[in-house]
Amino acid sequence: MGKRKAAAAASRKRKKAASDAAKREGEDEATTSKSQEDDPQKESKKRRVKVPKPETETEYFPEKRNLEDLWEAAFPVGTEWDNMDKLREINWCFSNLESALEEGGELHGKTVYIFGSTEAQMLNVNGQEKVVLIPIVVAVDSPIPPSDKIGVKSVQREKEEVIPMKTMKMAWVPYIPLEDRLSQVDRLKTQIFTMACTQRRSALKHLRIERVKQYDYCLPYLQPLKADEDEDDTVVNIMFPLEPPIVCDYDWEMDEIEEFTDNLIKEEALPEDKKDEFKGYVKEQVRERRKAQRQAKEARKKAIEDMDPKTREAMENMKFYKFYPVQTSDTPDISRVKVPYINRYYGKAHFLR
């Protein structure tokens, strides 16, 4: 009897436990259903299938050449500040300059001093004729710097000046090839030097206009050992102040002042009552020109006498290489405009590239 009571009690406990479990399961399902109704995005996230991203091809950029930016490191002396950006409108390439300095090149292993310049030429660009500013690079093969001075000369300026490079914030600085730029500069033995300018363009607005314009007329200077073509020139440029001014050339060896003046009067370029004044002006210009030539000869002679033998030997053996950009699919044809002339101080290049 006691056993039957115990079995009945155990049966009632099992039924109650099963009933309680079923009740809890129903509550859990109701809670889950309500949660899904309140936040359908959770259910959506559970069902979302992750789509693998398509594999993209790796983009490769051409490796920079060791001397690729050498031509840009050479300051384009005498170029107007407003025109500096025009040099980057065309993708110029100076691989010929790079090849000359690399192993096997004609300048490899030599000490060279490099400066830049520009030449304005009418070229065909994409089927249109337009004025293009062509960058030029001059390499001077020399064991010593060509000069620590800069010349300031233009048609607009009456007098020529030769001043220290540092006055214009210019100097010869070592060029570090790309592969050596992580090395300590003082441990490098570079043989390439470029003419650099530390004048910041952003600071130009604080300078006088005359000072800014001075940069436009700069020319790399070289002390000539021989007389240049201007030293014995007998022609003076005349700009007689009238309205409009009389602009002409007078050759004191070929022209006779009286006849020259009378011809201007006949052409009605010169009023007759200005004849004596004009003659006096021309004679004064001739005197000043002859004085300048005499001083230039004396200065050149003294500079040569004061040179030590090694410097003079280096000056006599300097070689000038003038580089134009190479022809590429991105650049206009410049083959017809290449000239060996550098400037009035350097004269013509020994080698044109």
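Here's a quick briefing on the fold, the packing and a few individual residues of this structure. It's a predicted model, so local features need pLDDT of at least 70 and side-chain atom pairs count only at pLDDT 80 or more, while totals for chains, interfaces and linings use all residues. Numbering runs from 1 along each chain as its sequence is written, and side-chain values use heavy atoms, with hydrogens and water left out. The protein chain has eight helices and 13 strands; these are DSSP runs numbered from the N terminus (helices are H or I with at least four residues, strands are E with at least two).

**Whole chain**

- Of the 353 residues in the protein chain, 34% are buried (buried means under 20% relative accessible area, exposed over 50%, partly exposed in between, with a 1.4 Å probe and protein chains only).
- The chain exposes about 24,300 Å², and carbon and sulfur atoms supply 50% of that (areas come from the Shrake-Rupley method with a 1.4 Å probe; for residues, only the protein chains shown count as cover).
- Take the contacts between residues at least 6 apart in sequence: 66% of them join residues at least 24 apart (contact means heavy atoms within 4.5 Å).

**The 4-3-7 sheet**

- Three strands make an open sheet in the order 4-3-7, with antiparallel pairing (two strands pair if DSSP finds at least two bridges between them).
- Strand 4 and strand 7 are the edge strands, each pairing on one side only.
- From one strand to the next, the twist averages 35° (axes are lines fitted to C-alpha atoms, for helices over the stretch in contact, and angles run from 0 to 180 degrees between N-to-C directions).
- Helix 5 packs on this sheet and touches strand 3, strand 4 and strand 7, with its direction at about 35° to that of strand 7.
- Strand 3 is joined to strand 7 by three bridges, running antiparallel, and it pairs with strand 4 over four bridges, also in the antiparallel sense.
- Ile 150 is a handy landmark here: it stands opposite Pro 220 in strand 7 and opposite Ile 163 in strand 4.

**Helix 5 and Asp 216**

- Helix 5 covers residues 209–216, and its buried residues are Arg 211, Val 212, Gln 214, Tyr 215 and Asp 216.
- Those buried residues pack against strand 3 (149–152), strand 4 (161–164), strand 5 (170–174), strand 6 (192–197) and strand 7 (218–220).
- As a reminder on helix geometry, an α-helix has 3.6 residues a turn, so residues three or four places apart point the same way.
- Asp 216 sits in helix 5 and counts as buried because its relative accessible area is 13%.
- Setting aside residues up to four places away in sequence, Asp 216 touches Gly 78, Thr 79, Glu 80 and Trp 81.
- Asp 216 and Trp 81 are 135 residues apart along the chain, yet their C-alpha atoms are separated by 7.6 Å.

**Lys 275 in helix 7**

- Lys 275 belongs to helix 7, which spans residues 275–306.
- With a relative accessible area of 18%, Lys 275 is buried.
- Its side chain makes a polar contact of 2.6 Å with that of Glu 258 (a pair of N or O atoms within 3.5 Å; within protein, one must be able to donate a hydrogen and the other to accept it, and residues adjacent in sequence count only if both atoms are side-chain atoms).
- Neighbours within four places in sequence aside, Lys 275 is in contact with Glu 258, Thr 261, Asp 262, Ile 265 and Leu 270.

**Strand 10**

- Strand 10 (residues 319–323) is largely enclosed by the rest of the structure, because four of its five residues are buried.
- Strand 2 (residues 128–141) pairs with strand 10 in the antiparallel sense over five bridges, and Val 137 has Phe 323 in strand 10 as its bridge partner.
- Strand 13 (residues 351–352) pairs with strand 10 in the parallel sense over two bridges, where Lys 322 has Leu 352 as its bridge partner.

**Cysteines**

- Searching the whole structure turns up zero disulfides (a disulfide is a pair of cysteine sulfur atoms within 2.5 Å).
- Cys 197 is in no disulfide: the nearest cysteine sulfur, that of Cys 218, is 8.3 Å away.
- Cys 197 counts as buried at 18% relative accessibility, and Cys 248 is buried with a relative accessible area of 17%.
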